[in-house]
Amino acid sequence: MSLIAVRAGRTGRFLWSAWAGLAGLSVFAAAWQLGHEAYGSFILPSPTETLSTMALLLADTQTWWLVGATAGRALMGFVVAATIGTLAGVLAGYHPAVMRLARPQITLILGVPPIAWIVLLMIWFGNGAGTVTATAAIACLPIVFVGAAEGIAGRDRGLDDMARAAGIDPVTRLIQIALRQMLHALFPALVMALGTAFKAAIMAELLANAGGVGEELAVARANLDVAAALAWILLSVTALISVEYGILQPMRSEFETWREAARPWGVKR
Amino acid sequence: MGSEAVNMLRLDHVGHAFLGRTVLDAIDLEVEAGELVALVGPSGSGKSTLAHIAAGLLEPRQGHVTRGYRGHAVIFQEPRLMPWATAGDNIAFGLRRHHFKRSVCRQKVLAVADRVALDARDLEKFPSQLSGGMRQRTAIARALVAEPDFVFFDEPFTALDVALKRRMQDIVIDTAAATGQSGLFITHDLSEAVRIAHRIVVMERHGRGIAGSRTVPLSPGMRDDRMVFETAQAFLIGDRLFAHVNDCDERSLA
């Protein structure tokens with residue numbers, strides 16, 4: 001009974017904290033409005049104009065399909081990168097030698113601009129969903145890898161010893177102690193990787209004419225339709241925010257209740 | 001005599017080195033059933049390393065460790081609690097390998113928490129919400145919850161204030177007396193050793209073997225403060241064995 005109450009309280013607090021987020025976004029909208037008033041509708045349509053364009057777009061079911069397609073490709077790439085990156089990161093975190101070998105590769109992957117990957121992938125895979133997904137995956141793989149590896153390498157070895165002294169087997173130790181500690185470095189990396197996946201996916205769609213939000217942006221650019229371009233950008237950002245705050249952040253708060261408890265009152269609310 | 005049969009822990013010629021630097025050499029030590037042995041030695045003499053080897057956390061470079069007990073627990077210098085788990089779950093972690101039913105676990109956790117004077121309400125809290133003393137008590141409860149027949153104490157009460165330290169020592173004395181538990185208690189505080197141990201073993205400087213051992217008169221629960229103080233003073237002043245115990249040469253040999 002009290003468990004339900006605690007959970008309801010936490011969900012309520014999470015939803016209530018959206019006000020603070022909205023306040024931040026309002027400041028952004030105000031700056032946008034200022035820009036609009038300075039340069040006029042042709043260069044920068046006002047937030048309300050953009051919102052009404054977005055509402056028009058959303059009335060069309062085709063839009064939902066397009067946003068869904070982009071989000072699906074970005075998420076697919078993200079999931080692939082998160083899986084491979086976490087596995088490789090855990091391995092590297094445990095073995096300093098693997099880490100030393102992997103470091104330069106990470107720098108290498110980070111150093112190649114995403115645009116170069118898109119060109120290569122277009123040649124290899126053609127202008128399809130595969131190229132978009134692969135671009136998203138490659139763009140966020142190093143971020144996840146570094147997050148996981150740092151999380152494991154920076155773990156408290158004292159807890160490992162404690163668990164060994166308590167007679168816990170290695171697999172349970174990995175899951176209960178090491179992975180649990182890794183989460184604290186992994187989650188920020190995942191949040192960043194998710195954003196990167198969306199950005200990379202839209203860019204790949206735009207360059208490869210692979211449909212989705214990216215291609216609509218290309219069309220808006222061709223028509224010099226700034227309001228439509230902004231509306232599409234707003235739509236993709238909304239999709240990103242809903243994935244992050246709908247899936248990733250609730251997952252994080254589920255695992256990190258203790259951090260919430262450790263926070264002083266003034267920071268909590 | 002048959003004393004071989006009741007050895008709960010036996011170290012034969014144990015030695016260890018870190019990166020080629022010898023930290024322990026030719027250590028022979030025995031702990032009998034129901035005996036609480038305090039291991040004292042100057043700071044940096046390798047006491048903790050020895051405890052970790054005896055508890056199986058480190059592989060010795062030389063020598064053998066023979067364990068005659070069924071299960072052991074280790075209480076570390078720091079609490080080493082999992083920050084993401086409540087105090088209750090941290091204590092229950094000590095029971096994990098036994099695969100008890102949830103209700104049984106809960107019962108055992110509550111019982112041991114009561115013994116170390118932790119409130120049932122405190123069990124719901126995370127380590128970050130507990131005071132330093134409560135954290136260490138949680139760690140002690142985690143070690144005792146599985147009712148091990150041997151406990152390694154690695155200077156567990158160093159960070160506690162005087163009153164709390166006394167209370168923790170009493171818990172150790174009472175538990176050992178009630179359950180017949182044996183243990184190896186690492187400390188650099190001679191009066192602590194005199195208060196709780198049956199026998200005090202003194203390490204040589206720089207871990208070069210065991211200098212010798214002294215049996216403390218009376219049994220642990222029966223000693224009063226005056227007796228503890230006088231015995232410790234007598235050891236320090238009158239007994240050559242303890243002459244180097246309070247030296248503090250933090251790893252002068254490198």
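This is a predicted model: local features need pLDDT of at least 70, side-chain atom pairs count only at pLDDT 80 or more; totals for chains, interfaces and linings use all residues.
The residues lining the second largest cavity divide into 8 nonpolar, 3 polar and no charged.

The lining consists of B:L36, B:I140, B:L144, B:V151, B:F153, B:I171, B:V172, B:A176, B:Q181, B:S182 and B:G183. Two or more of the lining residues come from each of α4, β6 (150-154), α5 (162-179) and β7 (182-186) of chain B. Which element gives the largest share of this lining? It is α5(B), with 3 residues. Please keep that helix in mind, as I shall return to it with the salt bridges.

Searching the whole structure gives 3 cavities of 30 Å³ or more. The largest cavity has a volume of about 120 Å³. Its lining is made up of 13 residues, and those nearest the centre are A:A166, B:A73, B:V74, B:R142 and B:A143. The elements that give two or more residues to this lining are α8 (157-165) of chain A together with β5 (72-75) and α4 (132-144) of chain B. By residue class, the lining of the largest cavity divides into 9 nonpolar, 2 polar and 2 charged.

I turn next to a helix pair in chain A. Helix α4 (residues 61-94) of chain A packs with helix α9 (residues 170-208) of chain A at an angle of about 145 degrees, and their axes are 8 Å apart. The crossing of α4(A) and α9(A) is right-handed. In the contact between α4(A) and α9(A), the residues divide into 19 nonpolar, 2 polar and 2 charged.

The last topic is charge pairing. Side chains of opposite charge can pair when their charged atoms come close. Over all chains, the structure holds 19 salt bridges, and I shall describe some of them.

In chain B, the side chains of B:E124 and B:R106 meet in a salt bridge, at 4.0 Å from N to O. B:E124 lies in the loop between α3 (102-115) and α4 of chain B, while B:R106 lies in helix α3 of chain B; the pair is 18 residues apart and links distant parts of the chain. B:R106 is partly exposed, with a relative accessible area of 41%.

Helix α5 of chain B now returns. B:R166 forms a salt bridge with B:D225, and their closest N and O atoms are 3.1 Å apart. Here B:R166 sits in helix α5 of chain B and B:D225 in helix α7 (residues 225-238) of chain B, so this pair links parts of the chain 59 residues apart. Both partners are partly exposed: B:R166 has a relative accessible area of 35%, and B:D225 has one of 45%.

A further salt bridge joins B:D170 and B:R195, with the closest N and O atoms 2.9 Å apart. Because B:D170 lies in helix α5 of chain B and B:R195 in helix α6 (residues 190-196) of chain B, the pair ties together parts that are 25 residues apart in sequence. Are these two residues buried or exposed? B:D170 is partly exposed, with a relative accessible area of 30%, whereas B:R195, at 11% relative accessibility, counts as buried.

Finally, in chain A, a network of salt bridges links A:R7, A:R10 and A:E254. Thank you for your attention.

Methods. Residues are numbered from 1 along each chain as its sequence is written. Chains are lettered from A and ligands numbered from 1 in the order in which they are written. Side-chain values use heavy atoms; hydrogens and water are left out. On a 1 Å grid over the protein atoms alone, a cavity is a set of points where a 1.4 Å probe fits but cannot get out, and a pocket is an open set with protein on both sides within 12 Å along at least five of seven lines; lining residues have an atom within 4 Å of a point. Grid points are joined across faces, edges and corners, and a volume is the space filled by probe spheres set on the points. Helices (H or I, at least four residues) and strands (E, at least two) are DSSP runs, numbered from the N terminus. Ala, Val, Leu, Ile, Met, Phe, Trp, Tyr, Cys and Pro count as nonpolar, Asp, Glu, Lys and Arg as charged, and the others, Gly among them, as polar. Axes are lines fitted to C-alpha atoms, for helices over the stretch in contact, and angles run from 0 to 180 degrees between N-to-C directions. A crossing is left-handed if the near helix is turned anticlockwise from the far one by less than a right angle, and right-handed if clockwise. Buried means under 20% relative accessible area, exposed over 50%, partly exposed in between (1.4 Å probe, protein chains only).
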